[in-house]
Each structure stands twice: as C-alpha cells, then as structure tokens.
Amino acid sequence: MPLFAWYFLNAGTRMRKEAMGSLKPKDAVQHFQNTSSDNRIITEDSLKGARSLVALIAADSQATEHVDIVLRLRKQSSEEFNLRTLIVAGQNFGENIDYLNSKFGFSTSSSDFRVCYMAASHVFPFGNSVFNVPSDYKDQSIAILVDDQLQIRNFYKLSDPQDVKLLVRHLPVFLSLKK
C-alpha cells in the first residue's frame, strides 16, 4: 500500500475511533409533550425508531445562523440517511409562527422534520429537563444527537465553531452506527 494511502486510511480510522468514544450513550430522553408549528403533538415517542438531531435554539441574534447550521447538516445527510430532526426554537413576545417560519426558511413540516416554538424563557428549562443537558451546554443554542432507542449520544454548542466541526465529523459516524 502506498505511504500516502496508508496515512489517510490511518487518519480516518483514528477519527472514527475518537467519534465512537464520544458517541457512547450518556442518558435517556425524558418524557415530554409539545405542539409543533403545524399543530401536531410531539412526544419522546416521536423520536423513537430513528436517529435524530435535536436543536434547542435561543431567541437571540444568532438564531438564524444556528438554524442554518442544522438545516445544512440535515440536507447534507439526507442523500444517504434519514435524519429525523426536531428544532425547539425560542419565540419572543409578539413574534408569530408564520414570521418565524419565514425568518428561518422553514417551508413545510414532515414526519421526520418538526419545529416547535415556545416562549424564549422556556426553551432552556425544557431542554435541560428533557435532555439532561450538561452544565457546560446549558442556556445556549445546542444540537443533540439522539439514537433510535432515545439514548442521548452527544451535545454540541452551535455558537462554537470547533463544536460545529466536531458535529460535522460525528454525524456520519452516528448515522452509520449499528443497531
């Protein structure tokens, strides 16, 4: 095997091994019930049976940027995998759902893509109780990988470029985990 081929194969193996270590189950998703922007009831069972990307989005100046990261990851993985996505976004007083859907570029909902809005001050208490968010990730926009058995695999800060790069690296490994 040529030296450069061995080098890239070895680097890829190390990267996957590191990702596998980071993606060990951390906790289980707790019971919740919420209503999506298209008036459907969403519970923890809505996530069961598929690998999911859950995003908790603050109602702040970076919200559109954070939603865009999630949408790009979803689009990138959609060619090979079915990534269920749940976005829980903060809603400021006076903002209506049509305005927010337009602002974030949400055109339609589907069974594998749901958006829930809640009062801005409720997003993080909801996320902390349902997803047992570690203290380093509390009170900020984050992405959470949840497996098909409702096991939380990892957390990523959407405002941290290094965490977003790590999420980009971990997502294909997460989606290809054996059941």
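Which residue in E8 stands opposite valine 146? The model is predicted; local features need pLDDT of at least 70, side-chain atom pairs count only at pLDDT 80 or more, and totals for chains, interfaces and linings use all residues. Residues are numbered from 1 along each chain as its sequence is written, and side-chain values use heavy atoms, without hydrogens and water.

Valine 146 faces isoleucine 152 in E8. Strands E7 (residues 142–146) and E8 (residues 151–157) run antiparallel, joined by 5 bridges. Strands (E, at least two residues) and helices (H or I, at least four) are DSSP runs numbered from the N terminus. Two strands pair if DSSP finds at least two bridges between them.

The open sheet holds 6 strands in the order E1-E8-E7-E4-E5-E6, and its pairing is mixed. E1 (27–28) and E6 (113–119) stand at the edges with a single partner strand each, so one side of each lacks a neighbour in the sheet. Helix H4 (residues 123–131) packs on the sheet and touches E1, E4 (52–57), E5 (84–91), E6, E7 and E8. Contact means heavy atoms within 4.5 Å. The direction of H4 makes about 145° with that of E4. Axes are lines fitted to C-alpha atoms, for helices over the stretch in contact; angles run from 0 to 180 degrees between N-to-C directions. Helix H5 (residues 161–175) lies across E4, E7 and E8, at about 155° to E8.

In helix H2 (residues 63–78), Ala63, His66, Val67, Ile69, Val70, Leu73, Arg74 and Ser77 are buried (under 20% relative accessible area; exposed is over 50%, partly exposed in between; 1.4 Å probe, protein chains only). The face turned away from the buried side of H2 carries exposed Arg72, Lys75 and Gln76.

Methods: The expected span of a helix is 1.5 Å times one less than its number of residues.
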